[in-house]
Amino acid sequence: MIYKAMLSTGIEGLDSIIGGGIPEGHTVVVYGSYGTGKTTFGLHFIYEGLKNNEKSVFISLDEDEDSILESAKSFGMDLEPFNDKLEIIRLDVVMVKESLEKVTNELLNVFKRMNVRRIVIDSLSILESLFDEKERWLAISSLRDIIKQSGATAILTSESDKSGESTKYGIMEYMSDGAINLKIIRKHPLEEPVLALEVVKMRRIRHSRKPVPYMITDRGITVMEGAEIF
Ligand SMILES: Nc1ncnc2c1ncn2[C@@H]1O[C@H](COP(=O)(O)OP(=O)(O)O)[C@@H](O)[C@H]1O
Ligand SMILES: [Mg+2]
């Protein structure tokens with residue numbers, strides 16, 4: 001039963017794998033090691049929304065606004081014409097640590113004022129690593145709660161653990177409605193590795209868990225649906 005709108009990810013070849021897109025209001029964690037395309041994934045998601053006139057917020061804990069705009073542009077996504085629909089927020093991890101409640105209240109105010117439809121938080125790794133276990137749960141669940149309150153659909157990114165199979169602390173996939181793993185698959189140490197995307201979890205959606213190869217080019221991410229990895 002289709003009971004909700006599905007939001008396109010804006011990534012070629014991906015929507016069909018996850019049953020048409022991301023269900024409205026869901027929070028999906030995209031995780032992988034550095035260079036697997038997590039930031040690029042978030043940019044596609046935001047750009048797709050902007051093209052559809054949806055208000056969007058990109059919260060960055062890694063890169064400053066100029067770097068984000070430049071990265072997007074290098075993939076053919078010019079965000080500048082969408083100034084009035086996009087808010088890029090540079091979040092200082094130290095501030096979050098000092099005053100979680102203040103930061104989440106401020107963010108929720110922005111979400112409500114804008115009537116935001118799409119949110120990206122890139123990446124939660126620094127925040128996760130600076131907190132102890134209890135604080136980490138609290139911080140991530142607080143962020144999840146304000147996203148839920150806003151009604152927006154969200155992509156949260158995080159680093160994977162050493163095995164590459166889970167997020168570093170195993171919390172994000174537990175707390176999210178969906179989880180997508182961006183993997184680096186090495187067949188042979190001297191050969192170029194293959195990038196592969198695995199849908200680990202997508203609440204209430206029937207999906208395959210078979211890893212699907214993807215590429216990053218000057219047009220961003222393209223998922224090669226139906227292709228075999230080797
Ligand atoms: N024009 C391009 N063509 C091919 N690959 C690219 C291009 N631009 C960036 N990349 C690849 O994408 C990676 C950056 O992706 P990014 O989304 O920043 O990854 P992450 O956020 O997971 O670290 C780079 O490390 C590089 O391998
Ligand atoms: Mg990144």
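A residue is buried if 20 or more other C-beta atoms lie within 10 Å of its own, exposed if 12 or fewer, and partly exposed in between, with C-beta atoms placed from the backbone. I keep that rule at hand for these entries.

**Entry: ground rules.** I am reading a predicted model, where local features need pLDDT of at least 70, side-chain atom pairs count only at pLDDT 80 or more, and totals for chains, interfaces and linings use all residues. Residues are numbered from 1 along each chain as its sequence is written, while chains are lettered from A and ligands numbered from 1 in the order in which they are written.

**Entry: the sheet.** I noted that helices (H or I, at least four residues) and strands (E, at least two) are DSSP runs, numbered from the N terminus. Strands pair if DSSP finds at least two bridges between them. I found an open sheet of nine strands with mixed pairing, in the order β5-β4-β6-β7-β3-β8-β9-β10-β11.

**Entry: strand β4.** I checked residues 56–60, which form β4, and four of the five are buried. β4 runs parallel to β5, and five bridges join them. I looked up Phe58 and found Ile88 as its bridge partner in β5.

**Entry: β8 and β9.** I saw that β8 (residues 178–185) and β9 (residues 194–202) pair in the antiparallel sense over eight bridges. Ile185 has Val194 as its bridge partner in β9.

**Entry: the core.** A nonpolar core is a set of buried Ala, Val, Leu, Ile, Met, Phe, Trp, Tyr and Cys residues joined through C-beta atoms within 7 Å. The largest one here has 58 residues, and Val30, Ile46 and Val120 are among those with the most contacts inside it. α1 gives the most to this core, with six residues.

**Entry: ligand 1.** I listed the residues around ligand 1, including Gly32, Lys38, Thr39 and Asp218. α1 (38–51) and β10 (212–217) each give two or more residues to this shell. α1 has the largest share, three residues.

**Entry: Lys162.** Where is Lys162 placed? I found Lys162 in the loop between β7 (153–159) and α7 (172–175). Lys162 counts as exposed because it has 8 C-beta neighbours inside 10 Å. Lys162 and Ser33 are 129 residues apart in sequence, and their C-alpha atoms are 8.7 Å apart in space.

Definitions and conventions:
Near = placed C-beta within 6 Å.
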